[in-house]
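Take a look at the model below. We will walk through it one part at a time.

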Amino acid sequence: RWRQYQVGDLATIFLPETRVTARDRPFDIDEIIAGGGDSAATLKQFAETAYRDPARQMMGAEQEKWLFDGFASSTKAGTRWQVCAQQVVMGTILTPPETRDWFGGEQPDYVRRRVEAGQLAAKAGLPLNLDAWDGYPAARSRLLAAAQRADADLVTLAGDTHNAWALNLAEDGRPAGIEIAGQSVTSPGYESYIRGVTDETRVAALRRSSPQLQWANTADRGYVTVQLTPERVTGNWHSVETIRARSLALKGTHSMTAERGRRAYSAA
């Protein structure tokens with residue numbers, strides 16, 4: 001069940017539920033093009049119709065009302081930050097065109113088909129991961145618009161992808177907040193599907209294709225800490241040296257900061 005916590009006048013921490021309660025079944029690209037025919041045309045039509053269906057739900061109407069009213073109540077009370085700690089990435093990440101060259105020519109047919117489908121989806125304007133908020137664009141727009149109406153300083157916390165991401169959130173061409181998405185402690189991520197390509201190459205391509213993406217790490221395991229002060233929020237992505245032995249040693253830490261009122265990260 002969703003709930004919230006109040007930390008003085010520093011932050012309201014909302015914990016919505018985005019996996020089970022009222023979520024519509026995620027779309028699947030393979031299912032969309034399974035009927036044969038012109039896959040590019042099918043995906044283009046899908047991107048312009050069913051993908052944007054306003055009836056599709058991530059949280060459900062009851063939970064949306066609770067969260068949106070909570071944004072308004074929090075800012076009205078003078079709370080500085082509205083933190084939404086939930087399960088899946090909210091910012092938009094698009095498939096880079098370079099991925100077609102990342103898998104080599106000796107891949108199994110199912111990998112080749114998946115890569116080709118991903119490329120066609122990207123050309124139709126569809127995102128990389130339809131299992132996250134990217135698969136529920138109307139529901140995401142409602143949430144971000146509610147944060148804007150409330151004049152919220154929104155910070156979303158997410159996980160699920162096993163990789164580290166820092167994203168700016170926007171709605172209707174205006175800043176809506178930032179996202180701090182944490183990597184997994186041990187489980188492999190995006191990089192496990194694409195071997196032989198460096199993290200720098202992957203991240204550079206992802207950033208070129210995804211304007212909201214400000215920074216990413218698609219190689220290391222670790223954890224995130226978040227520091228809130230009255231005037232700024234800082235995400236610290238800590239990468240561990242190894243997961244093969246019991247050790248607290250860090251390989252490094254990357255930090256990103258957003259000033260209150262800007263609703264976007266400072267330069268990386």
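Keep in mind that this is a predicted model. Start with the open sheet of seven strands. Its strands follow the order β1-β2-β3-β4-β6-β5-β7. The pairing in this sheet is mixed.

Now go to the edges. There you find β1, residues 3-7, and β7, residues 213-217. Each of these strands has a single partner, so one side of each has no neighbour in the sheet. How far are neighbouring strands of this sheet turned against each other on average? The answer is 20°, with direction ignored.

β4 covers residues 154-158, and β6 covers residues 174-181. These two strands run parallel, and four bridges join them.

Now turn to a single residue, T18. Where does T18 lie? Look in the loop between β2, residues 11-15, and α1, residues 29-32. Is T18 buried or exposed? Its relative accessibility is 0%. Buried means under 20%, so T18 counts as buried.

What surrounds T18? Set aside its neighbours within four places in sequence. T18 is then in contact with R23, M58, M59, Q86, Q87, V88 and W133. The side chain of T18 makes a polar contact with the side chain of Q87, at 2.6 Å.

Finally, move on to another sheet. Three strands form this open sheet, in the order β8-β9-β10. Their pairing is antiparallel. β8, residues 222-228, and β10, residues 250-259, stand at the edges. Each has a single partner strand, so one side of each is left without a neighbour in the sheet. Neighbouring strands here are turned by 15° against each other on average, direction ignored.

Look at how β8 meets β9, residues 232-240. Seven bridges pair these two strands in the antiparallel sense. Q227 has its bridge partner in β9, and that partner is T234.

How values were computed. Residues are numbered from 1 along each chain as its sequence is written. This is a predicted model: local features need pLDDT of at least 70, side-chain atom pairs count only at pLDDT 80 or more; totals for chains, interfaces and linings use all residues. Side-chain values use heavy atoms; hydrogens and water are left out. Two strands pair if DSSP finds at least two bridges between them. Axes are lines fitted to C-alpha atoms, for helices over the stretch in contact, and angles run from 0 to 180 degrees between N-to-C directions. Buried means under 20% relative accessible area, exposed over 50%, partly exposed in between (1.4 Å probe, protein chains only). A polar contact is a pair of N or O atoms within 3.5 Å; within protein, one must be able to donate a hydrogen and the other to accept it, and residues adjacent in sequence count only if both atoms are side-chain atoms. Contact means heavy atoms within 4.5 Å.
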